[in-house]
Amino acid sequence: MPFPAPYAADPARYDGRMPYRRCGRSGLKLPAISLGLWQNFGGADVFETGRAILRRAFDRGVTHFDLANNYGPPYGSAEENFGRVLASDFAAHRDELIVSTKAGWDMWPGPYGDIGSSKKYLIASCDQSLKRMGLDYVDIFYSHRVDPDTPLEETVGALVQLHRQGKALYIGLSSYEPGLTRRAAALLAEEKVPLFIHQPSYSILNRWIERELLATLEELGTGCIAFSPLAQGMLTAKYLNGVPQDARASRGGSLSETLLTEDNLAAIRRLNAIAEARGQTLAQMAIAWVLRDPRITSALIGARTVEQLDDSLDAVKNLDFSPEEQGAIDRAAEDGAINLWAESSDIVTLPAAQGVPA
């Protein structure tokens, strides 16, 4: 049996198929579509399938790969598998890549690895993530969620420390509401560290960031990368005729059948008709819709197969919406009450710091 050929990146990966957008007022650009490893890249998944998806993404101009400490399952295994691909396929391309990771949700047993954003947890988690991926630094490190029990000064102090140590080139927040985002940005600015990027959930069916957060980020000069633009897979053709047996919604997890209400299913069917008229799949239109707003730096997608990845990346072929199309989408679907991360994004106050070291 012949040995498999080593990976060689497509020399046409920067041929213009993938647009790149400046992240806020920084000097860094991100691909309009980034790839997240939240699901399908863990130890419970087929490694070669995830590897093929990562290779294909890079060959099509995706330079940003987004992880978190507890992505898997099991926890940590997505970072481990990504580290294997980095070492075997992407080692020569490290300086072409933006690698991000996060911490804030539960990760290891005991009080220091549970849900939270203490300095102990964030510093230890970043060190663990670097070891799992075989990296000296990540390009972006996020506070993954608001911790209601930790003063914001402590969380920001940990992010500043990681930045100054060179373990994270840029600092980000995920699922923070506008007021806390402003406070965090001000605390970071005092330490001469910009708030580089914010990662909220955002889709046609989940519009909470339109109320205030997008305007806040624009004012701060902070980029925005929207995760779950397909509403946990709802904005695909899979649910046009109900919930199939093999669907994620029938297995529980991040997409529950309780989210697939009759109103949401009817909205999905109306949106699919609009997508067909645009010559796109529903998934492609949903991703393009998120990117219609210039304040969105990148849409963060997942992928289960190479074919699914290709379909999503083809969204960049038509990113323009006429006023009539935008109006039709607004009439077809309102916010579907599917913000699963409201536990973090709805928190508006935190305990005051009392002698917390920076």
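In which helix does Q284 lie? In this predicted model, Q284 is part of helix α8. Its relative accessible area is 9%, and since buried means under 20%, Q284 is classed as buried. Apart from neighbours within four places in sequence, Q284 is in contact with D311, D314 and A315.

Helix α8 spans residues 282-291 and is mostly covered, with 10 of its 10 residues buried. The buried residues are L282, A283, Q284, M285, A286, I287, A288, W289, V290 and L291.

Helix α8 also packs against helix α7. The axes of α7 (residues 262-278) and α8 come within 8 Å and cross at roughly 90 degrees. The two helices are therefore roughly perpendicular to each other. On the α7 side the contact is made by I268, L271, N272, I274, A275 and R278, and on the α8 side by L282, M285 and A288. By class, the residues of this contact comprise 7 nonpolar, 1 polar and 1 charged. An α-helix has 3.6 residues a turn, so residues three or four places apart point the same way.

Helix α3 (residues 119-133) and helix α4 (residues 152-164) have axes that come within 8 Å and cross at roughly 30 degrees. That angle makes α3 roughly parallel to α4, and the crossing of the two is right-handed. Helix α3 contributes K119, L122, I123 and C126 to the contact, while α4 contributes E154, T155, G157, A158, L159, Q161 and L162. These residues divide into 6 nonpolar, 3 polar and 2 charged.

Aromatic pairing was searched for over the whole structure, and 10 pairs were found. One of them is formed by Y7 and F90, which are edge-to-face at 5.8 Å centre to centre with 70 degrees between the planes. This pair links distant parts of the chain: Y7 is in the segment before β1 (20-22) and F90 is in helix α2 (residues 77-90), 83 residues apart. Both Y7 and F90 are buried. W38 and W341 likewise form an edge-to-face pair, with 6.1 Å centre to centre and 65 degrees between the planes. W38 lies in the loop between β3 (33-36) and α1 (47-59), and W341 in the loop between α10 (323-332) and α11 (342-345), so this pair ties together parts that are 303 residues apart in sequence. W38 is partly exposed, at 32% relative accessible area, whereas W341 counts as buried at 12%. Y7 and F90 also belong to one aromatic cluster together with F58, F65 and F82.

Several backbone features lie in loops. A cis peptide bond joins G72 and P73, with omega about -5 degrees, and a cis bond also joins P73 and P74, with omega about -10 degrees. In the loop between β9 (223-227) and α7 lies S228, which has a positive phi of about 55 degrees although it is not a glycine. Q232, placed in the loop between β9 and α7, has a positive phi of about 55 degrees and is not a glycine either. S228 counts as buried at 14% relative accessibility, and Q232 is buried with a relative accessible area of 5%.

Conventions. Residues are numbered from 1 along each chain as its sequence is written. This is a predicted model: local features need pLDDT of at least 70, side-chain atom pairs count only at pLDDT 80 or more; totals for chains, interfaces and linings use all residues. Side-chain values use heavy atoms; hydrogens and water are left out. Axes are lines fitted to C-alpha atoms, for helices over the stretch in contact, and angles run from 0 to 180 degrees between N-to-C directions. Helices (H or I, at least four residues) and strands (E, at least two) are DSSP runs, numbered from the N terminus. Angles under 35 degrees count as roughly parallel, over 145 as roughly antiparallel, 65 to 115 as roughly perpendicular and the rest as oblique. A crossing is left-handed if the near helix is turned anticlockwise from the far one by less than a right angle, and right-handed if clockwise. Contact means heavy atoms within 4.5 Å. Ala, Val, Leu, Ile, Met, Phe, Trp, Tyr, Cys and Pro count as nonpolar, Asp, Glu, Lys and Arg as charged, and the others, Gly among them, as polar. Buried means under 20% relative accessible area, exposed over 50%, partly exposed in between (1.4 Å probe, protein chains only). Rings of Phe, Tyr and Trp (its six-membered ring) pair if their centres lie within 6.5 Å; planes under 30 degrees apart count as stacked, over 60 as edge-to-face and the rest as tilted.
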